[in-house]
2 protein chains.
Amino acid sequence: MLNGQMTALGKKRSVIREIFEYAKKRSGEIGADNVFDFSIGNPSVPAPKEVNEAINRIVAETPSVVLHGYTSAQGDKGVRDKIAANLRKRFGADVQGDDLYMTCGAAASLTISLRALCNAGDEVVLIAPFFAEYKVFVQGVGAREVVVGSCPSTLLPDMLALEKAITPKTKAVIINSPNNPSGVVYDEETLCAIAKILTKKQAEFGTDIYLICDEPYRELVYDAKTIVPYAPNYYDNTLVCYSYSKSLSLPGERIGYIAVGQKVKDHDDVYAAVCGAGRTLGYVCAPSLFQRVAAECDGLTADLGVYKKNRDLLYEGLTKAGFSCVYPDGAFYLFVKSPEEDAYAFCERAKKYELLLVPGDDFGCKGFVRIAYCVATERIERALPLFERLAKEYVK
Amino acid sequence: MLNGQMTALGKKRSVIREIFEYAKKRSGEIGADNVFDFSIGNPSVPAPKEVNEAINRIVAETPSVVLHGYTSAQGDKGVRDKIAANLRKRFGADVQGDDLYMTCGAAASLTISLRALCNAGDEVVLIAPFFAEYKVFVQGVGAREVVVGSCPSTLLPDMLALEKAITPKTKAVIINSPNNPSGVVYDEETLCAIAKILTKKQAEFGTDIYLICDEPYRELVYDAKTIVPYAPNYYDNTLVCYSYSKSLSLPGERIGYIAVGQKVKDHDDVYAAVCGAGRTLGYVCAPSLFQRVAAECDGLTADLGVYKKNRDLLYEGLTKAGFSCVYPDGAFYLFVKSPEEDAYAFCERAKKYELLLVPGDDFGCKGFVRIAYCVATERIERALPLFERLAKEYVK
């Protein structure tokens, strides 16, 4: 009688949640210090000090009815203008304040974009490995996900498979770079290849295919040479879904935006559809205080030094121990090849050493595990000998 | 090719928005001081001082990764426990912290509840006058709204019509008390009558019918004798959708909750469906700082003295001038009978006096106008002579 799909979704614990509960139980048994939980992608470094400074200043200086009052549904005009100016400056983006729609974070950016673009029966292409909730969001708007694999050695999209997967029903392709769960960054060549395929298919089918670029990890890259190309510069029909959750370590505050650049086909209709979708889903406006905080702190990042150190330690330690893993340029995840076919079995074996990893199956990739290194560095230092012992179990 | 319904929704300016734009234009022409905009339901009194104090204290005392980190999807456990304890204390509510689901405000509470309960083709009963966005939310989950009228002299539900409107397809009835746009409070007798009808119809059809009680205006009542009964105490199958927007003057911050009391039929399934619906719509968690602020300030209100004074002045002035209006016990709206059949024509005539009112048609009631009195009292004092002159135009 209820919406059974919703009940099932609410009841089904995600694998990550299962591990979280196990970690809690196990910590009670042997002490939290002896449990190595690498399951959760929750920023472990504080927000930059400018965030709390901005909160204090804005609260002190802004009259209450303005500060805590409704902004326009799209977001405060001054906030949007400032963020758009930064996008133009940083990426040469063809975007004005009126092309931005402030959201309650990346998940809202995605559900609103999908609702704006999709009709029931449309297809949305996901590229494995992908963030597990994409499936929920796509199905939630009555569309159907079509999963395309990646090249096993690079975890970049399998372009042949992508081209084949696109049909006259394809409304959108979602990409995520830097990638959760792999940490891989889509380079310029990759974006050019995707753009070429989508452009070709648009012409072939006479349809519009939108690229939805989910980029909460944009600023989380650790090598000077790593550049995260700005997708709309390669393919006009791109919607950028951004969130400040990871860059500013603010995942609980729910603040982000959708950018519908000027070059998007039927720009005004798409932007209007985004507004209509936000309204339909019950998003009245993004939280007003944090809209202003985001505008003041746009472009800043939390201290990424910890993540870089963690990545280097973990990547080096694991490869030395014999594990195999694509070098992660960004985000705070490693996607490690499971030394046995069944990643669940491997995760069970890791548990014996109190190492808690997430099987890649939910990310659309069997035979891998995700290791979230947004933890205290000391945890990694103490975990590495355990990983070494785990690796030895697989030496024949 | 896009979702045309979303584009249309995004492009269609609401009547209130039209008036807002007109007010801006007109203010430019004759000065804001001479334009009397009664269109917007935006709190005009500051948040209680405890709100900003709580923000400052919480920010100073809470480690950043906790303060700004993800809470559980349902909301922080301590926050939910505290709010539930208040509900038990204030209303004898049969509700625990684990029965609450924190949301991004009332609109989110409604869209999540509707998504949790409804399947495509279900019917949801609205009682006119109703908040115009209800239609958008109901249609947004693929359900169909069935509108029931009110008794013209009380603006309380027409119980005969309500009983007739309920079919085997009825999944929910939405009520809103204190009411936007009428200010009317549903008294105990009204709730008992609704409960009786729903109970009877559940038995007759062998279905479950949920009462969704939208109550952002709960605390906004102005007479000591006015009691807003707690709906779940009259009908078990009730979901309470609450928001702190109006009570704490925080509409931009988007914070509220859904309460699924212990007596709701299939409680665990309904609560799980709420969680699933929140996930599907992209609500990861309610804003974390304001969850904590809400818990600390739950039960407080902004200074309601201004609203009471405004209500008294306006109600007395308008009825003395010859207008007809049900006495508004709460919220910050008067729903005035239009002295001519066409409320749009009446609003046009009011414009000549720079009085900006909202025709009742969008609230499901022709022949009425809504006057939002959440403005500075001085505005009302200066507007009353203009209302008097407007009234005289209708004296034959």
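In chain B of this predicted model, 7 strands make up an open sheet with mixed pairing, in the order β2-β8-β7-β6-β5-β3-β4. Strands and helices here are DSSP runs (E of at least two residues for strands, H or I of at least four for helices), numbered from the N terminus, and two strands pair if DSSP finds at least two bridges between them. The edges of the sheet are β2 (100-103) and β4 (144-148) of chain B, each of which pairs on one side only. From one strand to the next, the twist averages 20 degrees.

Residues are numbered from 1 along each chain as its sequence is written, and chains are lettered from A and ligands numbered from 1 in the order in which they are written. Because the model is predicted, local features need pLDDT of at least 70 and side-chain atom pairs count only at pLDDT 80 or more, while totals for chains, interfaces and linings use all residues.

**Strand pairs and covering helices**

| Strand pair | Sense | Bridges | Residues opposite |

Strand β3 of chain A is largely enclosed by the rest of the structure, since 4 of its 5 residues are buried; a residue counts as buried if 20 or more other C-beta atoms, placed from the backbone, lie within 10 Å of its own, as exposed if 12 or fewer do, and as partly exposed in between.

In chain B, helix α6 (residues 106-117) lies across β2, β3, β5, β6, β7 and β8, running at about 155 degrees to β7(B). Helix α10 (residues 267-281) of chain B lies across β2 and β8, at about 155 degrees to β8(B). These angles run from 0 to 180 degrees between N-to-C directions, with axes fitted as lines to C-alpha atoms, for helices over the stretch in contact.

Helix α9 (residues 188-205) of chain A has 18 residues, which at 1.5 Å a residue should span 26 Å, in agreement with the 26 Å between its end C-alpha atoms; the expected span is 1.5 Å times one less than the number of residues. Its buried residues are A:L191, A:I194, A:I197 and A:L198. Seen down the axis of α9(A), these buried residues fall within an arc of 130 degrees, so they line one face of the helix; the arc is that of the directions from the helix axis to the C-beta atoms. On the other side of α9(A), A:E188, A:E189, A:K200, A:A203 and A:E204 are exposed. The cover over the buried residues includes α8 (159-165), β5 (170-176) and β6 (210-214) of chain A.

**Where the chains meet**

The contact between the chains takes 64 residues from chain B and 64 residues from chain A, two residues being in contact if their C-beta atoms, placed from the backbone, lie within 7 Å. On the side of chain B that touches chain A, the largest share, 11 residues, comes from α10(B).

Which residues does A:L9 contact, leaving aside its neighbours within four places in sequence? They are A:V136, B:G276, B:R279 and B:T280. A:L9 is found in helix α1 (residues 4-11) of chain A and is buried, with 22 other C-beta atoms within 10 Å. The C-alpha atoms of A:L9 and A:V136 are separated by 8.5 Å, although the two residues are 127 residues apart along the chain.
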